[in-house]
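Subject: Structure handover

Hi,

Here is the structure I promised to pass on. Please have a look at it first, and then read my notes below.

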Amino acid sequence: MRSVGPDGGMDLDDSFDTEETLSVTVVTAVAEATGQSPLEMDPLWESIDPDALASLLDDTARSASSPTVTFTYCGCRVTVTPDDIQVGQPN
Amino acid sequence: MTNQRNREPGVDLDALFDCLSSDPRRRLLGILQRDGATTRAALATALASQVDGTEPARVTADQSERFRVVLHHAHLPKLDAAGLLEYDLTEHVVEPAAHPAFDDPGIGSVLDGQSAADPGSLDRLFKALADNRRRIVLDVLSHQYQAIHVETLAREVLAKSRDIPEHEVSDQQAEELLVSFYHTDFPPLQDAGLIDYDAEGGTVTYEGHPDLRVPWMHSALRPNFRASLTDCPADAEVGDIDGRENVVSFGQSLVDRADDELFMMFTSTGLLEAGCFTRIEQAADRGVDVYLGTADTTVREFVREYAPSVTLWEPETNWLDLPVEEDNVGRLVFADREAVMIGTLGEKTDDGVHEEEAIVGEGADNTLVVLMRQILRTRLEQFAREDEAETEVQF
């Protein structure tokens with residue numbers, strides 16, 4: 001199990017290549033940072049469309065341009081790059 | 001301003017096609033349409049079983065949990081917002097919604113898993129369609145006979161989307177749209193194989209996709225398509241379609257929907273646009289018996305080469321006792337003996353193109369359809385006999 005604490009980084013593995021994987025990874029990271037269960041949290045879609053997030057970050061050709069996406073979800077600042085997810089301290 | 005007449009009233013088609021651009025979401029909608037209201041957990045198991053190819057009883061708790069998370073965070077809220085289902089966040093129950101998309105046979109067959117295209121190809125098709133301007137680009141291109149220059153395309157698209165005559169489109173507007181074409185619109189359309197863009201020559205050609213339906217390019221769904229092209233009421237026995245573009249589009253939509261038999265006649269040369277031919281080829285590929293009557297030698301050679309299973313026949317001057325030699329009837333499309341369009345050619349306009357209008361009838365009991373069936377019966381039976389006799393007949 002990967003552990004992600006507040007302000008801790010999480011390495012994205014090779015399986016990070018579909019929108020499913022990306023949304024699960026983001027939700028899991030925030031769930032662990034806030035001590036909640038993924039299925040009790042508000043849908044991620046209400047904060048950011050996982051399709052849009054995936055199309056920015058999971059395309060190999062495009063990720064060469066190193067996009068960074070930052071948004072707020074469940075009171076946490078979440079920053080995602082093609083290789084890493086950072087979850088800030090909950091407000 | 002967009003062309004309101006061509007927009008589906010009350011339905012956000014960008015959102016609809018965006019929702020359809022994902023294989024799991026198409027499967028999910030298919031399951032829901034088939035089985036009705038269900039719980040999120042049951043849906044997760046059904047989806048896991050389909051996607052991972054395991055039997056429902058063998059789906060592990062881990063797999064199911066993972067799909068529940070994706071459903072809850074990504075797919076269900078998105079589909080709910082587009083009006084395609086209702087997701088109850090407290091009870092975790094999912095119900096199908098009444099959305100006009102479910103009455104569109106083209107979308108229905110994709111959701112039923114009847115498409116021969118692979119999931120990635122469908123993803124790219126719907127992604128490309130999830131934008132009004134790209135749908136207009138396809139509509140304009142499907143009416144061309146050959147590749148057109150990008151600037152011509154830009155002018156036509158602007159005229160169409162703003163409902164203004166082409167000469168009112170300014171050079172600057174056309175320039176700006178070219179930039180958007182190049183950076184935003186062409187890549188997804190090319191990615192889906194819908195167009196072929198020759199950057200060197202600066203030309204674009206319509207390629208199409210077997211699952212693309214004509215009404216979608218008009219930002220309409222099938223049940224409302226005829227109403228979107230005409231001013232007469234949707235339940236009128238005989239519809240009236242005005243203008244070459246609308247006539248071509250409706251004719252193409254009839255080719256699209258044929259399952260068994262397609263009987264067509266084009267009396268004048270040069271009436272077979274790229275979008276028409278692609279569709280005729282696709283119909284022949286999916287096993288429809290296609291009979292094409294044309295005296296145009298170029299079209300005949302083309303058909304022999306690219307769609308050899310199409311039966312060619314030559315319209316005779318006394319055909320149906322209609323005065324074909326006067327070029328009154330331009331196009332006739334008769335699909336599955338239950339929908340018909342008869343188009344007539346009028347005066348030639350300044351740019352050498354005939355003015356066109358058409359009457360259409362749909363449904364096996366429709367008066368016009370019944371009349372056509374009676375008139376054409378002998379001819380269709382003759383074709384059927386020749387088919388059985390392993391066509392030695394040369395047309």
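Helices α6 and α9 of chain B cross with a left-handed sense (left-handed if the near helix is turned anticlockwise from the far one by less than a right angle, right-handed if clockwise). Helices (H or I, at least four residues) and strands (E, at least two) are DSSP runs here, numbered from the N terminus. Please bear in mind that this is a predicted model, in which local features need pLDDT of at least 70 and side-chain atom pairs count only at pLDDT 80 or more, while totals for chains, interfaces and linings use all residues. Residues are numbered from 1 along each chain as its sequence is written, and chains are lettered from A and ligands numbered from 1 in the order in which they are written.

Back to that helix pair. α6(B) covers residues 119-129 and α9(B) residues 171-191; the angle between them is about 155 degrees and their axes lie 8 Å apart. Axes are lines fitted to C-alpha atoms, for helices over the stretch in contact, and angles run from 0 to 180 degrees between N-to-C directions. α6(B) and α9(B) are therefore roughly antiparallel (under 35 degrees counts as roughly parallel, over 145 as roughly antiparallel, 65 to 115 as roughly perpendicular and the rest as oblique). On the α6(B) side, B:R124, B:K127 and B:A128 make the contact, and they meet B:P188, B:L189 and B:D191 of α9(B). Contact here means that the C-beta atoms, placed from the backbone, lie within 7 Å. By class, this contact has 3 nonpolar, no polar and 3 charged residues (Ala, Val, Leu, Ile, Met, Phe, Trp, Tyr, Cys and Pro count as nonpolar, Asp, Glu, Lys and Arg as charged, and the others, Gly among them, as polar).

Next, another helix pair in chain B. α3(B) (residues 40-52) and α4(B) (residues 61-81) pack at about 110 degrees, with 8 Å between their axes, and are therefore roughly perpendicular. Their crossing is right-handed. Among the residues in the contact are B:L43 and B:L47 of α3(B), and B:F67 and B:L71 of α4(B). The classes here are 7 nonpolar, 4 polar and 3 charged.

Three strands of chain B, in the order β1-β3-β2, form an open sheet with antiparallel pairing (strands pair if DSSP finds at least two bridges between them). β1 (38-39) and β2 (85-88) each have a single partner strand and stand at the edges, so one side of each has no neighbour in the sheet. α4(B) packs on this sheet, touching β2 and β3 of chain B, and its direction makes about 125 degrees with that of β2(B). Between β1(B) and β3(B) (residues 93-96) there are 2 bridges, and B:T39 is opposite B:V93.

A further open sheet in chain B has 3 strands in the order β4-β6-β5, again with antiparallel pairing. Its edges are β4 (148-149) and β5 (195-198), each with a single partner strand, so one side of each is without a neighbour in the sheet. β4(B) is joined to β6(B) (residues 203-206) by 2 bridges, with B:I148 opposite B:V204.

Other strand pairs deserve a look too. β13(B) (residues 354-362) runs antiparallel to β7(B) (residues 239-242), with 4 bridges, and B:G239 is opposite B:V360. β12(B) (residues 339-348) is also antiparallel to β13(B), through 8 bridges, and there B:T344 faces B:E357. By contrast, β8(B) (residues 261-266) and β9(B) run parallel, joined by 6 bridges, and B:F266 has B:T294 as its bridge partner.

What about burial? In β9(B) (residues 289-294), 5 of the 6 residues are buried (20 or more other C-beta atoms within 10 Å of its own; exposed if 12 or fewer, partly exposed in between; C-beta atoms are placed from the backbone). In helix α1(B) (residues 13-20), 6 of 8 residues are buried, including B:F17 and B:C19. Their cover includes α2 (23-35), α4 and α6 of chain B.

Finally, the two chains meet through 13 residues from chain A and 9 from chain B. Helix α1 (residues 19-34) of chain A gives the largest share of the chain A side, 5 residues. That side divides into 8 nonpolar, 1 polar and 4 charged residues.

Best wishes
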